[in-house]
Amino acid sequence: KLTEQYDSTTSGLFSVFTPYTSKYKKNKLSTNYADAVAELRFRTNPDKRGYSWKFSIGGRYGYLVNAHDMYKDATGKYKTYIFPNVTQQRYGAHFRAAYGRVALFGFYSLTNLFEKKKGIEIVPFSAGVSIMPM
């Protein structure tokens with residue numbers, strides 16, 4: 001679980017993950033950012049089936065909209081919404097490679113999850129597969 005502890009060296013709060021002492025079913029931290037994207041796109045000529053390769057690479061800038069954690073155990077589900085040390089603005093690099101309607105994508109943040117010297121150093125990244133409609 002994510003908690004804030006007092007740090008005597010900086011005279012402020014420091015975010016840390018502490019283990020739960022009881023059994024839990026689910027434990028997660030979610031951050032939601034409103035993003036703006038700038039990218040370069042490349043596309044090959046379509047083949048005989050009408051499919052083409054599509055590549056894009058670029059940057060993404062985001063502003064924090066929501067951050068919360070959720071903990072679920074035998075007694076119930078609990079959410080916490082106050083996380084003062086989560087980075088308010090993030091930026092990073094992203095890519096996408098697609099053939100037809102199937103794409104691979106990825107994002108690597110160039111900022112940490114927590115503000116400098118206010119939490120442990122975690123660099124967010126994401127990767128996945130997407131299927132586009134016709």
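Predicted model: local features only at pLDDT ≥ 70, side-chain atom pairs only at ≥ 80, totals over all residues.
Residues are numbered from 1 along each chain as its sequence is written, and side-chain values rest on heavy atoms, with hydrogens and water left out.

The chain contains eight strands and zero helices, where helices (H or I, at least four residues) and strands (E, at least two) are DSSP runs numbered from the N terminus. Read from the N terminus, the order of elements is accordingly β-β-β-β-β-β-β-β. Of the 134 residues in the chain, 26% count as buried; here buried means under 20% relative accessible area, exposed means over 50%, and partly exposed lies in between, with a 1.4 Å probe and protein chains only as cover.

Strand pairing was assigned where DSSP finds at least two bridges between two strands. Strand S4 (residues 53–73) and S5 run antiparallel and are joined by five bridges, and the two strands form a hairpin with two residues between them. Within this pair, Tyr-71 has Tyr-78 in S5 as its bridge partner. Strand S8 (residues 125–131) lies largely in the open, because zero of its seven residues are buried.

The structure holds four salt bridges, a salt bridge being a side-chain nitrogen of Lys or Arg within 4 Å of a carboxyl oxygen of Asp or Glu. In one of them, the side chains of Asp-35 and Arg-90 meet with an N to O distance of 2.9 Å. Since Asp-35 belongs to strand S3 and Arg-90 to strand S6 (residues 89–99), this pair ties together parts that are 55 residues apart in sequence.

Glu-39 takes part in salt bridges with two arginines, Arg-41 and Arg-96. The closest N and O atoms of Glu-39 and Arg-41 are 2.6 Å apart, and those of Glu-39 and Arg-96 are 3.6 Å apart. Because Glu-39 lies in strand S3 and Arg-96 in strand S6, the contact between them ties together parts that are 57 residues apart in sequence. Glu-39 is partly exposed, with a relative accessible area of 24%, and Arg-96 is likewise partly exposed, at 34%, while Arg-41 is exposed, at 67%.

Two surface patches were also identified, each made of residues with over 30% relative accessible area and no salt bridge, like charges being joined within 9 Å and nonpolar side chains (Val, Leu, Ile, Met, Phe, Trp, Tyr) within 5 Å. The nonpolar patch consists of Leu-40, Phe-42, Trp-53, Phe-55, Ile-57, Phe-95, Val-102, Leu-104, Val-129 and Ile-131, which together have about 1,000 Å² of accessible area, as computed by the Shrake-Rupley method with a 1.4 Å probe. At least two residues of this patch come from each of S3, S4, S7 and S8, and S4 contributes the largest share, namely three residues. Trp-53, a member of the patch, is found in strand S4 and is partly exposed, with a relative accessible area of 42%.

The positive patch is formed by Lys-25, Lys-26, Lys-28, Lys-72, Lys-77 and Lys-79; Lys and Arg count as positive and Asp and Glu as negative, whereas His and the chain ends are not counted. The place of a charge is taken as NZ of Lys, CZ of Arg, CG of Asp or CD of Glu. Strand S3 (26–43) and strand S5 (76–80) each supply at least two residues of the positive patch. Lys-79, which lies in strand S5, counts as partly exposed at 41% relative accessibility.

Finally, Gly-50 is found in the loop between S3 and S4 and is partly exposed, with a relative accessible area of 48%. Although Gly-50 and Gly-100 are 50 residues apart in sequence, their C-alpha atoms are 8.0 Å apart in space.
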